[in-house]
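Please look through the structure below with its pockets in mind, and then turn to one of its sheets.

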Amino acid sequence: MFKKLTFAAALAAATVLSGAASAKTFVYCSEASPEGFDPGLYTGGNTFDASAHAVYNGLLQFKPGTTEPVAALAESWEISDDGLQYTFKLRPGVKFQTTEFFTPSRELNADDVIFSFERQWKADNPWNKYVEGASWEYFAGMGMGDLLEKIEKVDDLTVRFTLKRKEAPFLANVAMPFAYIMSKEYADKLQADGKMNQLNQMPLGTGPFQFVGYQQDAVIRYKANADYWAGKQKIDDLVFAITTDASVRYQKLKAGECHLMPYPNPADVEAMKADPNLKVSEQEGLNVAYLAYNTTQAPFDKPEVRKALNMALNKQAIVDGVFQGLASPAKNPIPPTMWSYNNAIEDDKYDPEAARKMLEEAGVKDLSMKVWAMPVSRPYMVNARRAAELIQADFEKVGVKVEVVSYEWAEYLDKSKAKDRDGAVILGWTGDNGDPDNFLDTLLGCDAVGGNNRAQWCDKEFDDLVSKAKETNDLAERTKLYEEAQVVFKKKAPWATLDHSLAIVPMRKGVEGFHQSPLGDFKFDGVDITE
């Protein structure tokens, strides 16, 4: 199982922080424990940071700091004239990592690519249900199973995907973590040994860092992959020091106990900018926070009830109270920096009296409900408990009694997917590929019900618009369809859209080569430390 490491031992290994020059150890004060280490099984950004971005690669990857798909394990690709076939030429000579728990006997080939997709796609694949309750949330929620016709091995270094229909965001989707490539040879060995769960516990890939050990809820250790196809990293060791409290992360950053942290308290940002030992990177976040009603449960199955509750929310007060100026109220389910954002839509007006009247007209009296608050900071919601308390106060002004509930993060994500879930859930999204489809279909499409679609909302009018948008490469037509889909969303209100936040990343002054990602990723390939 996991190699046990104490947090003190992990930090003691960070020799660069104590002045030694023999090795460079980068310490990242991460905000939450990973749900696991198989990126196909999960959707949480902190899980992707700990698994996909450290250990694995995809056929494609996003150019640092952008949403542009570029070559990675595939050095080139061709698209057929009808848009239904994508042929990827694999990079020759790519080695899987050699670790204490597995020594590969061959390099990356087409078998690994086919295995990585078919385990998520085919119900009769022995790996399809290797983790109890596994849902392959992205693969299923994005309709990949219905999209793929076949995946063929043309030769050892060539793989061809044949689609049933055109899919404009296909290349961007292939660059996402759920599509990262795993070793079939390693998986075969685990299956033969009766240790299949180890694939989700002891990851092995082609990426810049290789897994060393994990002490649950405390520390993850990696070392640089000496055989990495893009060259060995400048840092020798990478440590994820799991630190759930933003104030504690800040103290560790100031004390030099970590080099970089995510999701600071908004109240600390000005002090961070004034600290000569720190620097702060910031950009408009490609994100949205929302309150998802369960639209299958009465009275939240009525759009007029959901609209009334949305009118009871003072979103500006939530933004001010939680973000202190580092966010703006959201009116649409995609951020304003994304193409096809429909700015012509008018947001629900804050009007408690009108909200109370609408609830009465809908026959809603003495309503009691739960509002779920995330236990961790995310880029789109740094303090969900505070937001939930403000929502509670707003709803109680219109006669709705609210109980605020929470769970441990992995349990929260799992329980909130249930189709019979009670109440409304605070969650959010940071875009994975820069395409509106990644918000509108992934979070609100019918295929995502029971997964990423926490509202359990399947609306034919909306779904038809989003599905049609995926099938054309005409950007103007796609934009028009997505704008219309946002109108439907606003009218039927499966969510209360809460905010779009600025993404703030503080780090030690000596950190070089870190690219803040519009997708909210924390990747450390190419990073160096000079202090």
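**Pockets and a sheet**

The second largest pocket has a volume of about 410 Å³, where a pocket is, on a 1 Å grid over the protein atoms alone, an open set of points where a 1.4 Å probe fits, with protein on both sides within 12 Å along at least five of seven lines, and lining residues have an atom within 4 Å of a point. The volume is the space filled by probe spheres set on the points, which are joined across faces, edges and corners. Of the 28 residues lining the second largest pocket, Gln61, Phe62, Pro64, Lys523 and Asp525 are the closest to its centre. The largest share of this lining, three residues, is contributed by E2, strands being DSSP runs of E with at least two residues and helices runs of H or I with at least four, numbered from the N terminus.

This is a predicted model, in which local features need pLDDT of at least 70 and side-chain atom pairs count only at pLDDT 80 or more, while totals for chains, interfaces and linings use all residues. Residues are numbered from 1 along each chain as its sequence is written, and side-chain values use heavy atoms, with hydrogens and water left out.

The largest pocket has a volume of about 560 Å³, and among the 32 residues that line it, Pro34, Glu35, Gly36, Tyr42 and Ala410 are the closest to its centre. Helix H15 (residues 409-415) provides the largest share of that lining, four residues.

Elsewhere, four strands form an open sheet in the order E1-E10-E9-E8, with mixed pairing, two strands being paired if DSSP finds at least two bridges between them. E1 and strand E10 (residues 237-241) run parallel and are joined by four bridges.
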